[in-house]
Every structure is written in C-alpha cells, then in structure tokens.
Amino acid sequence: MAYRRRLFNQAFSAWNKASPNGFFKNVSTTSNVRSKEYAFEMACSSVRYGAGCTTEVGLDCQNFRAKKVCVMTDSNLIKLPPVKTVLDSLDRANVPYEIYDRVRVEPTDVSFNDAIDFAKKGDFDVFVAVGGGSVIDTCKAANLYSTNPKAELLDYVNAPVGKGLPVTHDLKPLIAVTTTAGTGSETTGVAVFDYLPLKSKTGIGSRAIRPTLGIVDPLHLKYMPERVAAYSGIDVLCHALESYTALPYNERSPCPENPNLRPAYQGSNPMSDIWCEHALRITSKYIKRAVYDNDDMEARSAMHHASSYAGIGFGNSGCHACHGLSYSISGLVKDYKAKGYTDEHPLIPHGLTVTITAPALFDWTGVACPERHIRAAEMLGRDVTNVKRDDAGKVLSETVLNIMNEIGVPNGLGSLGYTSQDVPGLVKGAIPQQRVLKLTPRKIEADHMAEIYEKSMSIY
C-alpha cells in the first residue's frame with residue numbers, strides 16, 4: 001500500500017510540474033459552464049494474470065450463466081493450443097458454444113460486418129475472443145452491434161468518419177483471451193478497423209465495449225512468431241509514450257455537458273502516467289529478449305504485463321499522432337506483406353505502421369512538453385544527465401530509433417513501398433483521425449503531417 005501511495009505521489013508531483021496550473025486548472029466554484037475539461041475518469045476491464053489461467057474460461061462462462069457462447073478467433077489460431085485450451089475448458093464446464101474463425105488480421109468494415117452478422121444470427125449471451133487486437137476488436141464490435149441490431153456500422157464509429165453516437169444499451173459479457181503482447185485491447189474500450197471507402201483506419205471508442213474480463217496467460221506467447229513479437233512489442237512502446245506525452249486532460253476542450261459524454265481518450269493524467277511509466281521501463285528491459293527468443297518466458301511474460309499496463313494507461317488518456325498518422329499507412333498499403341503473418345492479402349502490421357513515424361514525430365513534439373520527453377527517454381534507458389530542454393525531442397527520438405533498430409524495424413516508409421509522391425494521400429487519410437490527433441501536445445496541421453511523413457521515408 002505504501003509503495004502504491006508513493007508511486008501516485010510521484011506521478012502527482014511530476015504531473016503538476018508538467019502542467020502549469022496542475023489539478024486546479026479550469027476548476028470553477030461559481031459556474032457549471034467550462035470551456036475546458038476539469039476532471040478525468042479511470043476505467044479498466046478486470047484482468048486475470050497467470051500461467052494456465054485460460055483453463056478457467058469455462059467456469060467464467062458458467063458463472064455468467066451462459067447458455068450459448070460465441071468464440072471468436074482467426075484461421076491461424078484455430079489450429080493452435082490457445083483456442084484448444086478455451087474449447088476444452090468450455091467442454092468441461094458443459095457450456096454450449098459456436099466458433100467464428102474468420103476474423104481478418106487488421107480487420108476492415110467488411111470483416112467487421114461479417115462477424116456482426118454471425119453474432120446477430122447466433123443469439124449469444126457471452127462472447128469469448130481468443131487472439132490479438134484484431135480478434136478482440138472484432139469481438140467487441142460483434143457484441144456491440146448484435147445487442148443493438150438496428151444500429152448501422154457508422155452509428156458508433158468515431159466522428160468525423162461516423163456519427164460517434166454514445167452507447168446507451170447493455171452489452172453481453174465479453175472475455176478477451178489475449179495471445180499477443182502489444183495491443184492491450186483486453187483492457188480498453190476501443191475497436192479499430194480499416195474503413196475501405198476512405199482507405200484509412202478509424203474506430204469505435206466507448207467504455208461500454210470494454211471486455212468484462214481480460215485473460216493474460218503467458219503460456220500463449222510461446223506461439224507468437226518473431227515479427228509479431230517485434231511489432232506488437234513496439235506498439236506497447238508507442239502506446240505508453242503517446243499516452244505519457246499526450247495533451248494534459250485539463251487542456252482538452254470542450255468540457256462535456258454530461259459526464260456520459262466524456263471520451264475514453266481524455267488526455268494525459270497522473271493515474272495513466274503510473275501505468276505508462278511501468279510499461280516503458282519493462283519494455284526497455286525486455287523487448288529485445290522477447291522478440292528473439294520465444295522460449296524466454298521471463299521476457300515474454302514481462303511484455304505481457306507491459307502490454308496490459310500500457311493498455312490501462314492509454315485506454316484512459318489516449319494515443320496521439322503516432323496512431324493518427326498510422327491509419328492511412330495501413331489503409332493505403334500497396335503490396336507489402338510482413339514476415340510471420342499468415343494472411344495472403346497485403347498487410348502492414350499495426351505496430352509497424354505506428355512506430356515508423358515515431359522518431360520524426362517525437363522530435364517534433366519535444367518542444368511542447370520537454371520534461372516529459374526527457375523523462376520518457378530516461379525510463380527507456382537513456383542517460384539524460386545534462387540533457388537540455390531544447391534537445392528533449394531529439395533525445396527521445398534517438399532513444400526510440402535505437403530500440404527500433406535493435407528489434408529489426410524496417411528502414412522507414414520507403415521500405416514499406418511508399419514514396420514522396422504518396423505523402424499527400426497519407427496526409428488526406430490522416431486528417432479525419434481527430435479522435436487521436438487532437439491529443440497531440442502540439443497542434444498538428446496538414447503541413448506538419450507531410451513533414452513527418454517525408455522525414456520518415458528513411459529513418460536509419
């Protein structure tokens with residue numbers, strides 16, 4: 001208890017120093033009308049961690065009084081032990097289930113709708129997702145729309161792509177069994193997909209779609225290929241860094257008229273900071289080992305922890321421009337196919353699209369909150385003795401780039417098939433991502449995006 005209190009006090013102090021008016025900014029005792037936010041909320045799925053804890057899923061479903069369970073996974077995982085463990089557990093508990101194994105890695109609006117249709121026809125009362133972020137996000141969407149069958153896909157999709165309507169109906173219990181150490185989707189109220197008409201990613205953000213229970217079982221990580229470990233691991237890094245350097249929550253505007261309208265992505269705050277700091281330290285220590293040795297269970301288990309920690313952090317504070325710029329990189333993919341991924345369609349893994357602009361982006365954002373950039377670099381192992389505020393962005397950029405190089409991240413957008421001629425299209429696809437872009441600590445415009453994309457063509 002004393003340790004946790006000390007951590008919170010440290011985060012409280014650091015956050016107050018980073019935000020000139022601290023917690024008391026925007027507080028008014030005379031009026032209920034505020035132009036900027038003054039409060040933040042913490043929400044998180046229940047998380048169960050332990051080697052072998054997947055064997056309890058059947059009992060969990062039994063405890064939910066499940067009569068018919070929807071098990072969602074993909075065409076590769078259906079052949080592997082994580083899914084078999086779940087199905088054996090359901091069989092032992094005598095819980096009926098149906099399997100949907102058509103989840104697309106990097107899902108689209110088309111694949112979301114296919115899963116939603118399956119869920120609507122099945123009349124399920126519990127959902128179980130077994131996989132990484134693509135599977136868990138797809139299952140969130142299936143749960144959301146099958147419990148409100150009249151809703152159209154864009155009703156709950158973030159504005160300006162969709163209507164961004166609040167979720168006001170009850171969803172079914174969802175158990176998320178994560179098989180990667182990266183997305184943190186088992187803890188968040190976010191579901192991301194490629195919206196094919198715009199050739200860019202978008203998503204749904206609502207606390208209502210958070211999994212009821214996240215199962216973090218390190219035994220499943222043994223089956224994660226090297227490149228999946230690399231790109232999901234570097235996603236952890238970006239989640240934590242973006243959350244930690246995001247616009248402070250009390251700088252966000254407008255302040256919601258109703259607390260139900262407060263977004264899941266609220267801006268940096270002292271509680272999210274605690275989780276992100278843990279994630280950064282763990283990632284710095286273990287990511288290289290976790291990538292190159294799938295038998296190193298200490299390292300892979302540690303990255304599992306880091307993934308969930310960062311998920312809790314960014315799930316309440318939010319990501320910013322690394323993710324905002326990544327969505328068009330994913331959506332405009334040409335013929336790139338990543339090693340270690342079994343899908344036949346062109347695919348740039350999410351973690352790769354996010355990290356490829358990170359060095360240029362953090363170099364640019366350093367002036368907005370230099371103390372946080374320097375502190376983040378220190379937590380990632382950089383000696384920051386005598387580092388000047390003016391060099392904050394450069395130092396964090398170099399630190400991130402070194403980690404990327406160590407785990408074999410390709411040499412920039414050029415290695416993914418992009419050229420300078422593609423920059424206008426990338427910018428056009430990024431502009432609608434205001435849900436995350438507005439949390440960038442510096443106001444980011446189209447010309448800034450173009451500059452960052454251009455600098456990211458070659459990074460080493």
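These legends describe close-up views of a predicted model. Local features need pLDDT of at least 70, side-chain atom pairs count only at pLDDT 80 or more, and totals for chains, interfaces and linings use all residues. Residues are numbered from 1 along each chain as its sequence is written, and side-chain values use heavy atoms, with hydrogens and water left out.

**View 1. Tyr145 and Tyr156 form a tilted aromatic pair.** A search of the whole structure finds eight aromatic pairs. Rings of Phe, Tyr and Trp (its six-membered ring) pair if their centres lie within 6.5 Å; planes under 30 degrees apart count as stacked, over 60 as edge-to-face and the rest as tilted. For Tyr145 and Tyr156 the distance is 5.6 Å centre to centre, with 55° between the planes. The pair links distant parts of the chain, eleven residues apart: Tyr145 is in helix α5 (residues 133-146), and Tyr156 is in the loop between α5 and β5 (174-178). Helices (H or I, at least four residues) and strands (E, at least two) are DSSP runs, numbered from the N terminus. Tyr145 is buried at a relative accessible area of 1%, and Tyr156 is buried at 7%. Buried means under 20% relative accessible area, exposed over 50%, and partly exposed in between (1.4 Å probe, protein chains only).

**View 2. Tyr265 and Phe314 form an edge-to-face aromatic pair.** Their rings are 6.2 Å apart centre to centre, with 70° between the planes. Tyr265 is in the loop between α6 (226-245) and α7 (270-292), while Phe314 is in helix α8 (residues 297-317), 49 residues apart. Both Tyr265 and Phe314 are buried.

**View 3. Lys68 lies over the face of Phe124.** The distance from the ring centre is 5.3 Å. A charge sits over a ring if NZ of Lys or CZ of Arg is within 6 Å of the ring centre and within 35 degrees of the ring normal. Phe124 also belongs to a cluster, linked by ring pairs, with Tyr100, Phe118 and Phe127.

**View 4. Helices α6 and α13 (residues 392-406) pack at an angle of about 165°.** Their axes are 11 Å apart. Axes are lines fitted to C-alpha atoms, for helices over the stretch in contact, and angles run from 0 to 180 degrees between N-to-C directions. The two helices are therefore roughly antiparallel to each other. Angles under 35 degrees count as roughly parallel, over 145 as roughly antiparallel, 65 to 115 as roughly perpendicular and the rest as oblique. The crossing of α6 and α13 is right-handed. A crossing is left-handed if the near helix is turned anticlockwise from the far one by less than a right angle, and right-handed if clockwise. Ile234, Leu237 and Leu241 of α6 make the contact with Leu396, Val400, Ile403 and Met404 of α13. Contact means heavy atoms within 4.5 Å.

**View 5. The axes of α12 and α13 cross at roughly 30°.** These axes come within 8 Å, and the helices are therefore roughly parallel to each other. The crossing is left-handed. On the α12 side the contact residues include His373 and Ala377, and on the α13 side they include Ala392 and Leu396.

**View 6. His373 lies in helix α12 (residues 370-379).** His373 is buried, with a relative accessible area of 0%. Not counting residues up to four places away in sequence, His373 touches Thr245, Phe362, Thr365, Gly366, Ala392, Gly393 and Leu396.
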